[in-house]
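Here is a walk through a protein for anyone meeting it for the first time. Have a look at the picture, then read on.

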Amino acid sequence: MKKPRIASMGLEDYRCLLLAKKADLLRNAAAGRTELAAGGRLSPDDEAPVQHDRYISIEVKRLDHEILGRIDAALARLANGDFGICAECGNPISPKRLQALPWADCCIRCQERAAADPQAATA
Ligand SMILES: [Zn+2]
């Protein structure tokens, strides 16, 4: 029996996607420290170069952090039954959009409207 791919995405599938992405981000966040620890030569005297590396990656970490927050919010919506509903207009978010961005909290139309005119989106 052949199942249509999009229709076969259930809430549990989105939960898996979100958890996998979250694990990915957390692994990336920990990667720098892990690599240094694997080198086995990290002592308090070596802290300065570590700080420098951290400084360079702050911008990336900030973006990861933002997505982590969105993932947690999406997991909360899954738990209370609001997942897949646009926070702006209350219409269902398209499965295609949810597959690409499972943490999306508004539909593509509201997203585009917000980008075009931030004032109109909240009205
Ligand atoms: Zn909407």
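What follows goes from the overall layout to the core, and then to a couple of individual residues.

Keep in mind that this is a predicted model. Let's begin with the big picture: the protein chain has 6 helices and 0 strands. Read from the N terminus, then, the elements simply go α-α-α-α-α-α. The chain is 123 residues long, and buried residues make up 11% of them. As for how the chain meets itself, take the contacts with a separation of 6 or more: 54% of these are between residues 24 or more positions apart.

Now for the inside. The largest nonpolar core is made of 11 residues. Tyr14, Leu18, Ala74 and Phe83 belong to it, along with Cys86, Ile93, Leu98, Trp103, Ala104, Cys107 and Cys110.

Setting aside neighbours within four places in sequence, Leu98 is in contact with Tyr14, Gly84, Ile93 and Ala104. Of these, Tyr14, Ile93 and Ala104 are also listed in the core.

Finally, find Pro95, which sits in helix H4 (residues 95–100). Is Pro95 buried, exposed or partly exposed? Pro95 has 15 C-beta neighbours inside 10 Å, so it counts as partly exposed. Pro95 and Gly10 are 85 residues apart along the chain, and their C-alpha atoms are separated by 9.7 Å.

Terms used:
Residues are numbered from 1 along each chain as its sequence is written. This is a predicted model: local features need pLDDT of at least 70, side-chain atom pairs count only at pLDDT 80 or more; totals for chains, interfaces and linings use all residues. A nonpolar core is a set of buried Ala, Val, Leu, Ile, Met, Phe, Trp, Tyr and Cys residues joined through C-beta atoms within 7 Å. A residue is buried if 20 or more other C-beta atoms lie within 10 Å of its own, exposed if 12 or fewer, and partly exposed in between; C-beta atoms are placed from the backbone. Two residues are in contact if their C-beta atoms, placed from the backbone, lie within 7 Å. Helices (H or I, at least four residues) and strands (E, at least two) are DSSP runs, numbered from the N terminus.
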